[in-house]
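Subject: A structure for you to look at

Hello,

Here is the structure I promised to pass on. Please open it alongside this email, and then read on for what turned up.

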Amino acid sequence: MLEVCPVRVLDDSYAWILGPRRGSLAVVVDPGQAAPVADALARRSQRLAAILLTHHHSDHVSGVLELIAETAVPVYGPRRDEIPTVDRPVGDGDRIEVPEAELALDVLHVPGHTAGHVAYFGHGLVFTGDTLFGGGCGRLFEGSARELLASLHRLAALPPSTEVYCGHEYTVANLRFAAQVEPANLALARRLADATRRVERSKPTLPSAVAEERATNPFLRCTEPAIVAATQRHAGRPLGDEVEVFAALRRWKDGWRPPHPAID
Ligand SMILES: [Zn+2]
């Protein structure tokens, strides 16, 4: 039985510690900072067996050097993102096995936020970094809208019960935007209320599930007539296909600020 433990780093980011319940070895995904991860491992009486990185941004990798100085462990990360601390570069279709932590994860190349971005999938869990967020998706930094949309489709096609662990606690702001785009979506309204309550109690809104994202995340719903209509209204022109709707929705979100101060 695996257990996933959230570690809050750098205000609004998560590193995830993953390993067998009551096991002494675990892996960490995206340690943006070393100290909170080391503290969490110590509290759990666990040692690191490996580090997994989803992409090269500093808020996901900055803790690696300090952690491997303490315990020399393999560092897996996307081949195409060229991260200096990665000694086990991986790409699409690779399988990572960490038997001492009872783990086997498949690597999915999900470009768009960065060129090399990968997700790790296995045991009914997926670590999506900054590609798929709770209720949203990452910004387009190194890829096209078509690439990021294809990456999101791949993640959305995982089994519906798959638990989604992403890199940041952005869910409430994402869902507030989503509710503006698709105000009649009741599942979305319920999810926003639930996520708001969790954040008010300083609880993570994650993991979500693939089915929940498909029902409420506007970036996975770009063929829904209500979303097409709202995005066209905002763009002020007709949008020809799903990629155009997705690109316009992403631009809309880039310039969007919550109407009221964010709840923290
Ligand atoms: Zn990023």
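Leaving aside its neighbours within four places in sequence, which residues is V61 in contact with? They are P31, G32, L53, H55, H56 and I83, where contact means heavy atoms within 4.5 Å.

Before the rest, a word on the source: this is a predicted model, in which local features need pLDDT of at least 70 and side-chain atom pairs count only at pLDDT 80 or more, while totals for chains, interfaces and linings use all residues. Residues are numbered from 1 along each chain as its sequence is written, and side-chain values use heavy atoms, with hydrogens and water left out.

Back to V61. You will find V61 in helix 2 (residues 58-61); helices here are DSSP runs of H or I with at least four residues, numbered from the N terminus. V61 has a relative accessible area of 15%, so it is buried (buried is under 20% relative accessible area, exposed over 50%, partly exposed in between, with a 1.4 Å probe and protein chains only). A34 lies 27 residues from V61 in sequence, and their C-alpha atoms are 9.4 Å apart in space.

Next, two helix pairs that share helix 9 (residues 242-254). The axes of helix 5 (residues 171-181) and helix 9 are 11 Å apart, at an angle of about 125°. Axes are lines fitted to C-alpha atoms over the stretch in contact, and angles run from 0 to 180 degrees between N-to-C directions. Helix 5 is therefore oblique to helix 9 (under 35 degrees is roughly parallel, over 145 roughly antiparallel, 65 to 115 roughly perpendicular, and the rest oblique). From helix 5, N174, F177 and V181 meet L249, W252 and K253 of helix 9.

Helix 4 (residues 145-156) crosses helix 9 at roughly 100°, their axes coming within 9 Å, so these two are roughly perpendicular to each other. Helix 4 brings A145, R146, L148, L149, L152 and H153 to the contact, and helix 9 brings E242, V243, F246 and A247.

Last, the cysteines. A disulfide is a covalent bond between the sulfur atoms of two cysteines. With a cut-off of sulfur atoms within 2.5 Å, the whole structure has 0 disulfides. C137 counts as buried because its relative accessibility is 4%, and C222 counts as buried at 1%.

Happy exploring!
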